[in-house]
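Please work through each task before reading its solution.

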Amino acid sequence: MTKNNLIIFFFCAVFIVLTLLFLSMPSFEGTISQQAAHQMDALGISHPVTAVLMYFRSLDTLLEVAVIFTALCGFYALYPRFLHTPPQPRSIVADHFTTLIFPVIAVASAVLLYSGTFQSGGAFQAAALLAGGIIIIKLTRPLSFAKTKAHGRKFVYVFGLLVFVLLGFVSLFSGSFLAFATGSEYWQILTVETALTLSLAATMAAFFIMGIERVKR
Amino acid sequence: MIIDLLLGASLVWLGFRIITVGTRFKATIYFIVFGMMLSLVWTRLGAFDLALAEAALGSGITGALLLDCVSYLHACRIDYDKK
């Protein structure tokens, strides 16, 4: 048996074992997660994923955002200073396409953000969509965002984290850190998610844009 | 059931192709296709949040960055050959 055949055999074996494992997975009926899902209807946010992200493990979500922010700090540290943006000829088709598509992307992102309260969606998905929109703008119009102040951009990057931590301190009055008070939790979480969407979209777009802008060689 | 099996098998096959295909460009294309298939698998498993994130971040932004990286390395190679 050659080496290649051995690898294929290995992958097939892994695949079959995983399939069998998946088929023999127990159902979640009657377990503790089922009970938690039943209790979820009483809360303001009815979607389980958002509830886990924001109620049960909100500190994890906060630190997750902090990790992304730290990655951006690393990017800034390695960012070349003498940037060269090639002045590309603007294509009329791409220009009109951007004008048409970006409002659609922005609205779709807002819908995703709002739908996180009752179905799949939420800050991270909405931010990814919005970041895609920003990247399309940057690719079709290379000089856009060039005039925005660096301080303003940096503020947008930290904005979500800032709102999250501030609301965490506000909730200190009613209990412990990041324990949102019942009654107003819906609006608090929607505020946090909106701020996170803006910040994360800017951060992800910055990863891409800083990645494609380089030193003039 | 058959669709699930096909999706799972194609994932394994695509993962195998990514590491054996040889050229960077082809591997990147396979990676993007892999991300799309993975998001389909997440959808079949009912994890729509993960499917959205995988399609947008794992496949979209990472794939575009990798493509840009491939073209950058290609340009470096051309410069090196000229010297």
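**Conventions.** This is a predicted model, in which local features need pLDDT of at least 70, side-chain atom pairs count only at pLDDT 80 or more, and totals for chains, interfaces and linings use all residues. Residues are numbered from 1 along each chain as its sequence is written, chains are lettered from A and ligands numbered from 1 in the order in which they are written, and side-chain values use heavy atoms, without hydrogens and water.

**Exercise 1.** Determine how accessible A:C73 is.

*Solution.* Buried means under 20% relative accessible area, exposed over 50%, and partly exposed in between (1.4 Å probe, protein chains only). The relative accessible area of A:C73 is 38%, so A:C73 is partly exposed. A:C12, at 41%, is likewise partly exposed.

**Exercise 2.** Describe how α8(A) and α3(B) pack.

*Solution.* Helices are DSSP runs (H or I, at least four residues), numbered from the N terminus. Axes are lines fitted to C-alpha atoms over the stretch in contact, and angles run from 0 to 180 degrees between N-to-C directions.

1. In contact (heavy atoms within 4.5 Å), α8(A) contributes residues including A:M204 and A:F208, and α3(B) residues including B:I61 and B:D68.

Definitions and conventions. Helix = DSSP H or I, 4+ residues; strand = E, 2+ residues; numbered from the N terminus.
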